[in-house]
Every structure is written in C-alpha cells, then in structure tokens.
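User: Please pick one part of this model and go through its packing closely. Give the cut-off for each term where it comes up.

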Amino acid sequence: MRITVTVNGRTRSADCEPRRTLADFLRYDLGLTGVHVGCEQGACGSCTVLLDGATARSCCVLAVQADGSDITTVEGMATTSLSPLQESFRRHHALQCGFCTPGMLAVATELLRDNPEPTEAEIRTAIAGNLCRCTGYHAIVTAIAAAARGGDGGSPPSPPEA
Ligand code: FES
Ligand code: FES
C-alpha cells in the first residue's frame, strides 16, 4: 500500500505492507531512526511519537492506520539547535544511553503543552509508561520540571498538593 503522512512538517510517502507497524515504517522506510523500538508490544514507550498531536506507541499502530496523519518524531523537535526541552535534558543529564529519550521527550512535550506547570507527581505520572534502564528517573523528572520553568537551574519540582 502507498502511505502518505506529514512527518516533522514534510509530506512523505512510501510503499509498505498492510501489516507494517508505524514504528517500522518511520524507522526503516522513512529513515527516522530516532524512533526507537524496544519491546514491540506497547510496554516500554521507547517508540512513542506524537500522532495528530497525541502521544502514540508507534509499535502498536499500523502504518496504514496513520495514513494521512501528522506525526512528530524526535527529529522534528529541534531545528538548528536543541529545543528547550531537549536542552533541559542535556543540562540535567537526563539521558545516559539515550534509548528511552525520544519517547520521554514525546510524553514530556505533550505534558508541558497540556499542563505547563506540572507538579512532580504529574510529571512522574506522565512518564510512568516509559521505561528507562539507566537514569533512575530523577534526572528526567528534574529536566522536565526545569523546562516547565523556562529552563532555570533545576531545583526540585513542587511537591504534590496534599
Ligand atoms: S517498542 Fe513500542 S512500546 Fe516498546
Ligand atoms: S537513558 Fe538509557 S534507557 Fe533511559
């Protein structure tokens, strides 16, 4: 089948089998290798992209289901320099191997768009479905909280309300 999507602002088309996942379509057919494929069963969150503005695990979506959609991958989050969220991840050492990072950035982007001043509990809830084998999560939470504050020095996020 011929699939056409808008990815990171560009219209892209490619042929693929009806059973091809969106993750494989993006990664192997369109060359967007920032789409990381871990578990391939919806458990780890590493393949998360923004699909028509909402986070989606691209390993659990067929490419044909995304035909005509608008998709943002990690490649589309920066232009000539890192986005503020990416810069905050860099500044606060929120990645080590980086495998989980594209998915983390996708869910954090959605969170900060919908809730610009999240509490620590809200940040932890937002990333609860994204597994990180390296960081222990603390630096990721700190980076997202700092980005929410406009990239300040990274003091701990506000505690959840009692
Ligand atoms: S690879 Fe998609 S959720 Fe793990
Ligand atoms: S930085 Fe390695 S899995 Fe998260």
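Analyst: The largest nonpolar core has 23 residues; such a core is a set of buried Ala, Val, Leu, Ile, Met, Phe, Trp, Tyr and Cys residues joined through side-chain atoms within 4.5 Å. Those with the most contacts inside it are Leu85, Phe89, Met104, Ile127, Ile140 and Ile144. Another core, of 21 residues, lies apart from it and includes Ala14, Leu32, Cys47 and Cys59.

The model is predicted: local features need pLDDT of at least 70 and side-chain atom pairs pLDDT 80 or more, while totals for chains, interfaces and linings use all residues. Side-chain values use heavy atoms, without hydrogens or water; residues are numbered from 1 along each chain as written, and chains are lettered from A and ligands numbered from 1 in written order.

Helix H2 covers residues 84-91, and its buried residues are Leu85, Gln86, Ser88 and Phe89 (buried is under 20% relative accessible area, exposed over 50%, partly exposed in between, with a 1.4 Å probe and protein chains only). Viewed down the axis of H2, these residues fall within an arc of 160 degrees, so they line one face of the helix; the arc is taken from the directions from the helix axis to the C-beta atoms. The buried residues of H2 pack against helix H3 (101-114) and helix H5 (138-148), where contact means heavy atoms within 4.5 Å.

After H2 comes His93, with a positive phi near 55 degrees. His93 is not a glycine, and its place is in the loop between H2 and H3. At 62% relative accessibility, His93 counts as exposed. Most residues other than glycine have a negative phi.

H5 is largely enclosed by the rest of the structure, because nine of its 11 residues are buried. The buried residues in H5 are Ala139, Ile140, Val141, Thr142, Ala143, Ile144, Ala145, Ala146 and Ala147. They pack against H2, H3 and helix H4 (120-126). H5 is followed by Gly150, which has a positive phi near 90 degrees.

The pairing of H3 with H5 can be given in more detail. Their axes are 11 Å apart and pack at an angle of about 35 degrees (axes are lines fitted to C-alpha atoms, for helices over the stretch in contact, with angles from 0 to 180 degrees between N-to-C directions). On the H3 side the residues are Met104, Ala108, Leu111 and Leu112, and they meet Ile140, Ile144, Ala147 and Ala148 in H5.

Ile127 joins this picture through its own contacts. Residues up to four places away in sequence aside, Ile127 touches Met104, Val107, Tyr137, Ile140, Val141 and Ile144. Among these partners, Met104, Ile140 and Ile144 are also listed with Ile127 as having the most contacts inside the core.

Elsewhere, Phe25 lies in helix H1 and, at 0% relative accessibility, counts as buried. Leaving aside neighbours within four places in sequence, Phe25 is in contact with Ile3, Val5, Ala14, Cys16, Arg20, Leu30 and Ala63. Phe25 and Ala63 are 38 residues apart in sequence but 6.3 Å apart in space, C-alpha to C-alpha.

Technical notes: Helices (H or I, at least four residues) and strands (E, at least two) are DSSP runs, numbered from the N terminus.
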